[in-house]
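Welcome! Take a look at the model, then try each task before reading on.

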Amino acid sequence: EEAKIASHSCVSQRDIQRVFTLLKWLVKGYTSKKPYGDRTDYHRRAVLVALGIVYYMRLNTKYRETYKDRMDKGSGLPNEVRFSQAFNDELNRYIDKVELPQGIAKTQALKENIFATIVCTVTRIPLIIVGAPGSSKTLSFNITVANLKGQESKMPLFR
């Protein structure tokens, strides 16, 4: 099974460049704002989130579980942030700053789509969101656009 997965995987130079673009942007944001306190390893967190955006978010459900399991193993250091925690913390940090219309549930798909739309817009990384009907593609884009209010935006990132 592992050999089969490895034989179907590839990494493009553009993917690697996206990871480094996101890594640079995330580290800059983390070190200036310290959203998770002073005692967090922001470089590790930035690497995990950048890899999650570029690779994890493109996987189907089956492969996402495999990816999470492997990334969550970590190195065994005490107080080490795991992929699942770092990625979900970031999704929640962004969704909590976005103004949602009344009655809209914060589903995982909506969180991921809004997060990807915001991050890729700010870092100027091309984004294509694909999915089944009803998986919050259009809704997430419309919510993100509605939050782009310039200086009046609740989220400093949108100013």
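A salt bridge is a side-chain nitrogen of Lys or Arg within 4 Å of a carboxyl oxygen of Asp or Glu. Keep in mind that this model is predicted.

**Exercise 1.** Find the closest N and O atoms of E80 and R82, and decide what the pair forms.

*Solution.* Step 1: the closest N and O atoms of E80 and R82 are 2.6 Å apart. Step 2: the cut-off is 4 Å, so E80 and R82 form a salt bridge. Step 3: look at the cover of each partner. E80 counts as buried, at 12% relative accessibility, while R82, at 27%, is partly exposed.

**Exercise 2.** Work out how D15 and R18 are placed along their helix.

*Solution.* Step 1: both belong to helix α2 (residues 13-33). Step 2: they are three residues apart, so about one helical turn separates them. Step 4: D15 is buried, with 5% relative accessibility, and R18 is partly exposed, with 26%.

**Exercise 3.** Which residues gather in a patch of positive charge on the surface, and where is K97 found?

*Solution.* Step 1: the patch consists of K24, K28, K33 and K97. Step 2: K97 lies in the loop between α5 (83-95) and α6 (108-123). Step 3: K97 has 32% relative accessibility and counts as partly exposed.

Notes: Residues numbered from 1 in each chain as written. Predicted model: local features only at pLDDT ≥ 70, side-chain atom pairs only at ≥ 80, totals over all residues. Heavy atoms only, no water. Patch = residues over 30% accessible without salt bridge, like charges linked within 9 Å, V, L, I, M, F, W, Y side chains within 5 Å. Areas by Shrake-Rupley, 256 points an atom, 1.4 Å probe, with all protein chains shown as cover. Lys, Arg positive; Asp, Glu negative; His and termini not counted. Charge placed at Lys NZ, Arg CZ, Asp CG, Glu CD. Helix = DSSP H or I, 4+ residues; strand = E, 2+ residues; numbered from the N terminus. Buried < 20%, exposed > 50% of the residue type's maximum accessible area, 1.4 Å probe, protein only.
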